[in-house]
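Trainee: Could you walk me through this one before I set anything up?

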Amino acid sequence: MTDQSQLALRIRRAKQLERGFLLLAWLLLTSLAAVFVGLFAGLFQAGWERLQLDFFLTFASRHAARAGILAAWVGTFVVMTVTAAVAVPLGIAAGIYLEEYARPNRLTTLIEINIVNLAGVPSIVYGLLALGLFARLLGFGASVLTAGLTLGLLILPIVIVATREAIRTVPNAIREASYAVGATRWQTVWGQVLPAALPGTLTGVILGLSRAIGETAPIVTIGAVTFIAFLPPAPLSADFPFLSFDWVWSPFTALPIVTFDWTSRPNADFRANAAAAALTLTALTAVMNGVAAWLRYRLRRRQQWQ
Amino acid sequence: MTESVVPSNGQSANGAVNHQTLKAEARGLSFFYGEKAALREVNLPVYAYRATALIGPSGCGKSTLLRCFNRMHDLYPNHRYAGEIRLYPENINLLAPETDPIAARMRIGMVFQKPNPFPKSVFENIAYGLRLRGLRDKNEIRERVERALQDAALWDEVKDRLGDSAYALSGGQQQRLCIARALATEPELLLFDEPTSALDPLATASIEALIGRLKSQVTSLIVTHNLQQAGRVAEFTAFMYLGELVEFGPTEVVFNAPSQKRTEDYLAGRFG
């Protein structure tokens, strides 16, 4: 009889412990959410008045009410284009190499450890590297190209790791099936493994880009300008070959830069501008993460291997 | 390695097999995972346009033997082949260093234990192998996809859903799709690795009937756990135990009058 009641007591205690843990987890999550909601509400309150069409279509100005973020969002957009052009092919190629080709030896282990460590290097260090290497040594200056290369390097580990994880989820049975019908390794990777790993890879790419889009330190370090009253040259031209890459050499500014600049000004009106720019940046990031989630959902629905 | 060797007529265990033509033959085949021998001195004839079953308890090496025929072991490190596998009529050694495993796999199809369609549409699953062989003409690809699906007795069930994901099919349909995928490439030899072990009895029956019908087109080598299945589909049966081929002969001889004690014990369910 005592055994029975002791057992009942034990069960009750175990359940209490579980309830306690759930309460703690719930409290933590709620406070986290509250912090985010609070920040967002503060930004919104401070900046919503500035979120007019004009704000997005005018350049910076010494008058807070006339200043806009045209150069900043265009700059962010072009820098992200270069970043993606650098990080996506390199990251995916490196991921494929490490998962499908590299033999497990010391060199591979060294490369793997380095990639993991690179993911943890503070972004300012990338900025210093870029200042020395791209801006000075290679003479790219404080251009869109320098910024894109820097941020591309910064998110390269994220893309590589995401690609590898995605490739690892592709069952070996699919590789064997491909080899069994006579495919080479490259045909197997290109025709079967990579398409099957696409959802995870794309998610990694987008998460990497949404990290890069908010990075301030490295592009401040390379010397991004805060005040700029022109856009980079258009990528399309009227003359043959109709494509122009002059824009990569252009000086630029970006959303985090103008936000930072406006925040540090004494004039309170500029803080409304800063809040509005920060809201724009937050919205962009949220949209990118949303797209990543949607893509993952859409693409994964088609492939439920057991 | 020696190209001049005349094809022997396989195991001498049963004289009744002499009139058959050989499609392939393992001769003195040993296989090692690292230092561990998984196959020892296996001699196995595979007769053309017949089904040969490989039976034996788990871990006896029957799947390992099967996977030597299309060099699947090459995908993984630390393997070593010794001996040879002859492919006729050219009488080439599939295991020779100068034999390209990809060229071998172009002629030798495989169906796996668990249905493993590609995560693509039904159509693309079959077209893939054709494209690997350089086919570009859309009409020709479409015709050959249809023919393969008909040969695999799947056409009527999927003809209206060729664009659907292969994973939308049932397990039995997926396995027939995998057979169609192999058939589309017109293999000379088709390897089956326990093709029905993941399927229900009805799907199993339809796959067995299919293997029976395919004998006019292709030579089959079938690993099976299921003794009745070997009895139903295979003209020849090889019994393997601990990496050795214990007995080979016409299925009814191996089943009814095995010459080896171990075969008899296994068939009687005394171990396995």
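Mentor: Let us settle terms: strands here are DSSP E runs of at least two residues and helices are H or I runs of at least four, numbered from the N terminus, and two strands pair if DSSP finds at least two bridges between them. This is a predicted model, where local features need pLDDT of at least 70 and side-chain atom pairs 80 or more, while totals for chains, interfaces and linings use all residues. Residues are numbered from 1 along each chain, chains are lettered from A and ligands numbered from 1 as written, and side-chain values use heavy atoms without hydrogens or water.

Trainee: OK, which residues does the β4–β5 hairpin in chain B put at a positive phi?

Mentor: B:Asn91 has a positive phi near 60°, in a hairpin with 4 residues between β4(B) and β5(B). Those strands run antiparallel and are joined by 2 bridges, β5(B) covering residues 92–93, and B:Leu87 has B:Ile92 as its bridge partner in β5(B).

Trainee: And which strand pairs with β1 of chain B?

Mentor: β1(B), residues 22–33, pairs with β4(B), residues 79–87, in the antiparallel sense over 8 bridges, and B:Phe31 finds its bridge partner in B:Tyr81 of β4(B).

Trainee: Switching to chain A, how many helices and strands?

Mentor: Chain A has 11 helices and 0 strands. Its C-alpha radius of gyration is 25 Å, well over the 19 Å that the globule rule (2.2 Å times the number of residues to the power 0.38) gives for 306 residues, so chain A is more spread out than a compact globule. The C-alpha trace spans about 85 × 60 × 35 Å along its principal axes.

Trainee: What share of chain A is buried?

Mentor: Buried residues, those under 20% relative accessible area with a 1.4 Å probe and protein chains only, are 42% of the 306 in chain A.

Conventions: Buried < 20%, exposed > 50% of the residue type's maximum accessible area, 1.4 Å probe, protein only.
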